[in-house]
Amino acid sequence: MVFFWINLRNRNKILSRLKATLDPERYKHSLRVAKTALALGKKHRLSEDKLRTAALLHDCAKYYSRTQFFRAAKKLGLKFDPVKRLEPKLFHAEVSAALAKNEFGVRNTAVLKAIKRHTTGAPGMSKLEKVIYLADHIEEGRDFDGVKKLRALAFRDLDKAIAASASKTLDFLIKSNLPIHPETVATRNYYL
Ligand SMILES: [Fe+2]
Ligand SMILES: [Fe+2]
């Protein structure tokens with residue numbers, strides 16, 4: 001097993017680096033995702049270090065431009081599909097996982113996978129992946145119709161909350177006339 005833990009010095013290093021690269025709102029969002037993930041994860045006895053690392057770094061590449069996402073995706077050998085071509089921001093989860101590994105030194109595969117899957121979710125997620133996916137959607141700064149209900153549901157039942165969360169995302173994408181990634185549909189169906 002890969003040795004892994006995040007000590008205070010590492011955590012401070014992550015925080016100062018994130019603060020320097022992300023815009024203030026995204027930085028605050030990452031802190032709130034960590035807070036929510038820790039609260040959600042407690043019930044499921046998940047490692048605080050893993051939760052904190054995955055949550056803090058889940059959007060670490062979010063500042064990339066369209067061109068930077070394309071370049072990074074090519075360099076990393078990521079799979080291009082029609083939706084990602086149209087909306088290269090969707091690469092931010094996979095690129096953030098790569099940055100977490102290469103720039104922040106994260107070696108734990110469970111943490112990297114949670115970062116990688118946080119946007120669309122995926123069928124058969126681990127508990128850590130589920131918590132990061134949900135924490136991103138329900139952190140206290142989120143304000144959409146039904147968010148309070150979704151928060152309460154997440155603390156009762158992770159799987160039901162993921163189905164509801166994916167439904168909300170689909171709703172939003174349709175109303176905003178935005179493309180839908182098939183993985184979001186697969187996530188919804190699986191957890192439904
Ligand atoms: Fe994200
Ligand atoms: Fe996020």
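Author: Leaving aside its neighbours within four places in sequence, V33 touches A55, H58, A135, D136 and E139. This is a predicted model, where local features need pLDDT of at least 70, side-chain atom pairs count only at pLDDT 80 or more, and totals for chains, interfaces and linings use all residues. Residues are numbered from 1 along each chain as its sequence is written, while chains are lettered from A and ligands numbered from 1 in the order in which they are written.

Reader: What makes A55 a contact of V33?

Author: Two residues are in contact if their C-beta atoms, placed from the backbone, lie within 7 Å. A55 is among the residues that V33 contacts.

Reader: Why is V33 called buried?

Author: Buried takes 20 or more other C-beta atoms within 10 Å of the residue's own, exposed takes 12 or fewer, and partly exposed is in between. V33 has 30 such neighbours, so it counts as buried. V33 sits in helix α2, residues 24–43. Across the chain, 39% of the 192 residues count as buried.

Reader: How many helices are there in the chain?

Author: The chain has 11 helices and 0 strands. Both are DSSP runs, numbered from the N terminus: helices are H or I with at least four residues, strands are E with at least two.

Reader: Why is R45 called exposed?

Author: R45 has 7 other C-beta atoms within 10 Å, so it lands in the exposed class. R45 lies in the loop between α2 and α3. Its phi is near 55°, a positive value in a residue other than glycine.

Reader: What makes the crossing of α3 and α7 right-handed?

Author: A crossing is right-handed if the near helix is turned clockwise from the far one by less than a right angle, and left-handed if anticlockwise. The crossing of α3 and α7 falls on the right-handed side. The axes of α3 (residues 48–57) and α7 (residues 109–116) come within 9 Å and cross at roughly 35°. Axes here are lines fitted to C-alpha atoms, for helices over the stretch in contact, with angles from 0 to 180 degrees between N-to-C directions. K50, T53, A54 and L57 of α3 meet A110, V111, A114 and I115 of α7.

Reader: How do you know that the radius of gyration agrees with a compact globule?

Author: The radius is taken over C-alpha atoms, and the globule rule is 2.2 Å times the number of residues to the power 0.38. For 192 residues the rule gives a value near 16 Å, and the chain has 16 Å, so they agree. The C-alpha trace spans about 40 × 40 × 35 Å along its principal axes.
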